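Here is a short walk through one structure, written for a reader who likes to keep the model open alongside the text. Have a look first, and then read on.

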Amino acid sequence: MKNVFRNIPILPALLLAVMLMLSACGNQGETEPTADTPAGAGTEAPHKLTIMLDWYPNAVHSFLYAAEKNGYFAEEGLEVEIQMPSDSNDALKLVAADKIDLALTYQPQVLMARGENIPVVSIGAIVRHPLNHLMVAEGSGIQSPKDLAGKAVGFSSIPLYEAMLRTMVTSDGGDANSVKLIDVGFDLVPAISTGQVKGIMGGFINHEQLILEQEGHPVTSLNPTDYGVPDYYELVLAASDQGLQKSEADFRKFLKAAAKGQQYVAEHPEDALALLLEHENETSPLDKNIEQKSLQILLPLMDAGDQPFGYQSPESWDKVHQWLTDNNLLSNEVKTQAAYANLAGDRSESNNLEE
């Protein structure tokens with residue numbers, strides 16, 4: 001650091017030091033911030049937080065980049081590092097091990113992780129409804145899930161997706177046991193576009209469906225919530241139990257800044273999209289047309305209505321818990337209340353934070 005007193009003679013320098021000490025003593029007790037000097041301004045270094053995405057940067061993450069670019073995190077005294085996972089399963093593992101502070105993940109996975117004694121907790125709902133829909137080719141004659149009886153459906157070997165499909169077929173009055181499930185890994189798009197399967201489970205309406213349409217293979221998406229699957233949160237923000245105990249105040253600030261970021265995205269979608277494209281990963285280049293349509297799909301699904309951004313409904317957690325238990329994906333010993341912390345609070349709490 002540059003020595004600003006280097007060229008000041010010793011005696012005047014000593015007098016200056018004494019004057020500064022007396023001034024400091026005289027100002028003790030005058031610590032109340034003025035209107036021009038907000039509380040905490042310039043007194044503390046920003047608190048650093050790391051957040052890991054659930055996937056490569058795409059439209060659903062726009063609120064994070066908006067909050068970063070527009071200084072909303074900084075306004076809350078936070079310095080946020082946004083990381084991309086090398087594997088889609090990394091985020092939840094790393095946050096549980098306290099290697100990162102926050103992770104974007106999925107509501108059912110939080111409950112299932114706790115069933116395996118992995119100490120993670122959701123602190124905010126980001127996407128409030130399922131993006132994962134059952135998709136069937138247009139013109140295939142399949143009108144509803146029951147029509148898939150005896151036909152092949154591709155999925156990515158995830159038990160949750162298999163349970164969703166079986167629930168949908170059964171709820172629709174079909175024979176779930178007669179559906180031929182084929183593990184196609186992550187090759188969902190080629191599996192249905194080439195006719196290998198009649199439907200896919202695990203494709204997102206803001207990604208796979210848009211890609212299929214753009215490539216000339218339009219599909220009909222069937223919402224799982226219309227066929228017995230609870231209306232779960234597709235994307236949530238998770239922390240570890242220990243991290244929540246240690247950093248709850250900072251996490252509340254994070255959500256407050258994230259809400260401003262989401263509001264900016266809703267009001268300036270084109271600017272938000274341009275900002276997102278600046279952060280595309282070279283290993284996973286973005287298609288501007290796809291991301292633009294994706295954002296249009298996402299905005300209403302991320303809107304909490306009368307509640308603040310990130311609010312979590314206890315009823316939602318209870319219903320998802322019960323459905324997972326009924327499908328043998330969750331132990332009865334898992335306590336729903338321990339799986340989430342409603343840091344966004346209700347509207348009155350949010351207003352109090354603003355004040």
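Glu162 is partly exposed, with 26% relative accessible area. This is a predicted model, so please keep that in mind as you read on.

**Salt bridges**

Glu162 has a charged partner: Arg166 forms a salt bridge with Glu162, with the closest N and O atoms 3.3 Å apart. Arg166 is itself partly exposed, at a relative accessible area of 28%. Both residues sit in helix H6, and because they are 4 residues apart there, about one helical turn separates them. In general, side chains of opposite charge can pair when their charged atoms come close.

How many salt bridges does a search of the whole structure find? The search finds 5. Three of them, including the pair just described, are set out here.

| Salt bridge | N to O distance | Where the pair sits |
|---|---|---|
| Arg166 and Glu162 | 3.3 Å | helix H6, 4 residues apart |
| Arg252 and Glu248 | 3.0 Å | helix H9, 4 residues apart |
| Lys256 and Glu76 | 3.9 Å | helix H9 and the loop between helix H3 and strand S2, 180 residues apart |

Is Glu76 buried or exposed? Glu76 counts as buried, because its relative accessibility is 14% and the cut-off for buried is under 20%.

An open sheet is formed by 5 strands in the order S7-S6-S8-S5-S9, with mixed pairing. Strand S7 (180–183) and strand S9 (219–222) are the edge strands, each pairing on one side only. From one strand to the next, the twist averages 35°. Helix H6 (residues 159–171) packs on this sheet and touches S5, strand S6 (152–155), S7, S8 and S9. The direction of helix H6 makes about 125° with that of S8.

Within the sheet, strand S5 (residues 132–137) pairs with strand S8 (residues 199–204) in the antiparallel sense over 5 bridges. Leu134 stands opposite Met201 in S8.

**The nonpolar core and its aromatic pairs**

Nonpolar side chains tend to be buried together in soluble globular proteins. Here the largest nonpolar core has 105 residues, of which Ile51, Leu64, Ile126, Val127, Leu237 and Phe254 touch the most other members. Helix H9 supplies the largest share of this core, 8 residues.

Leaving aside neighbours within four places in sequence, Phe254 is in contact with residues including Leu49, Ile51, Leu64, Phe73 and Leu237.

There are 4 aromatic pairs in a search of the whole structure. One of them is edge-to-face: Phe63 and Phe309, at 5.6 Å centre to centre with 65° between the planes. Phe63 is in helix H2 (residues 62–69) and Phe309 is in the loop between helix H11 (288–301) and helix H12 (314–326), 246 residues apart. Phe63 is buried at 2% relative accessible area, and Phe309 is buried at 11%. Phe73 and Phe254 form a stacked pair, 5.0 Å centre to centre and 25° between the planes. That pair joins helix H3 to helix H9 across 181 residues, and both Phe73 and Phe254 are buried.

Key: Residues are numbered from 1 along each chain as its sequence is written. This is a predicted model: local features need pLDDT of at least 70, side-chain atom pairs count only at pLDDT 80 or more; totals for chains, interfaces and linings use all residues. Side-chain values use heavy atoms; hydrogens and water are left out. Two strands pair if DSSP finds at least two bridges between them. Helices (H or I, at least four residues) and strands (E, at least two) are DSSP runs, numbered from the N terminus. Axes are lines fitted to C-alpha atoms, for helices over the stretch in contact, and angles run from 0 to 180 degrees between N-to-C directions. Contact means heavy atoms within 4.5 Å. A salt bridge is a side-chain nitrogen of Lys or Arg within 4 Å of a carboxyl oxygen of Asp or Glu. Buried means under 20% relative accessible area, exposed over 50%, partly exposed in between (1.4 Å probe, protein chains only). A nonpolar core is a set of buried Ala, Val, Leu, Ile, Met, Phe, Trp, Tyr and Cys residues joined through side-chain atoms within 4.5 Å. Rings of Phe, Tyr and Trp (its six-membered ring) pair if their centres lie within 6.5 Å; planes under 30 degrees apart count as stacked, over 60 as edge-to-face and the rest as tilted.
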